[in-house]
Amino acid sequence: MNKKIDIFSEKELFKLSSLILTNYSNRIIAISGDLGTGKTTLIKNFCLQLRVNEIVSSPTFPIINEYLSEDGEKIFHFDFYRLNSIQEALDIGTDSYLNSGCYCFIEWPELIIPLLDENVLFLNLKLESKKRVLTIK
């Protein structure tokens, strides 16, 4: 079942991130969408909700960023845009991170779909004229 939600502002995106964390127990959240659709912005909002006080930025070059919540909980943020193979993802220990029990937010998850199981929440962001459309799968 796909659920579609129209987003007209960044304030709505903040509220939506809270609703997703409250209503879904998934700790692995895979976010797809074209460049500039707001994947990193959505993850910033998830991290704010999880009380991360660090600067949240896209890990395009390091591939993974690690954040700590105020409670000391680790949160991992992946960006697989630059990877060319699933082996590259395995080489950086992606499977260990995914099995850690920590929140894992994944941008550009298409490459690692074989590593993801039924416990992953899939989100897709799409730009449509004056709004973004978030699809929850």
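**Aromatic pairs and a histidine**

Reply: Y103 and F105 are both buried, where buried means under 20% relative accessible area, exposed over 50% and partly exposed in between, with a 1.4 Å probe and protein chains only. This is a predicted model: local features need pLDDT of at least 70, side-chain atom pairs count only at pLDDT 80 or more, and totals for chains, interfaces and linings use all residues. Residues are numbered from 1 along each chain as its sequence is written, and side-chain values use heavy atoms, leaving out hydrogens and water.

Me: How many aromatic pairs are there?

Reply: The count comes to 6. Rings of Phe, Tyr and Trp (its six-membered ring) pair if their centres lie within 6.5 Å; planes under 30 degrees apart are stacked, over 60 edge-to-face and the rest tilted. Y81 and W108 form a tilted pair, 4.8 Å centre to centre with 55 degrees between the planes.

Me: Buried or exposed, what is W108?

Reply: W108 is buried at 18% relative accessible area, whereas Y81 is partly exposed at 45%.

Me: And how do the planes of Y103 and F105 lie?

Reply: That pair is stacked, with 5 degrees between the planes and 5.8 Å centre to centre.

Me: Which residues form a cluster through ring pairs?

Reply: F76, F78, F80 and Y97 are linked in this way.

Me: Now H77: which backbone oxygen lies 3.4 Å from a polar atom of its side chain?

Reply: The backbone oxygen of S57 does. H77 itself is buried, with a relative accessible area of 0%.

How values were computed: A polar contact is a pair of N or O atoms within 3.5 Å; within protein, one must be able to donate a hydrogen and the other to accept it, and residues adjacent in sequence count only if both atoms are side-chain atoms.
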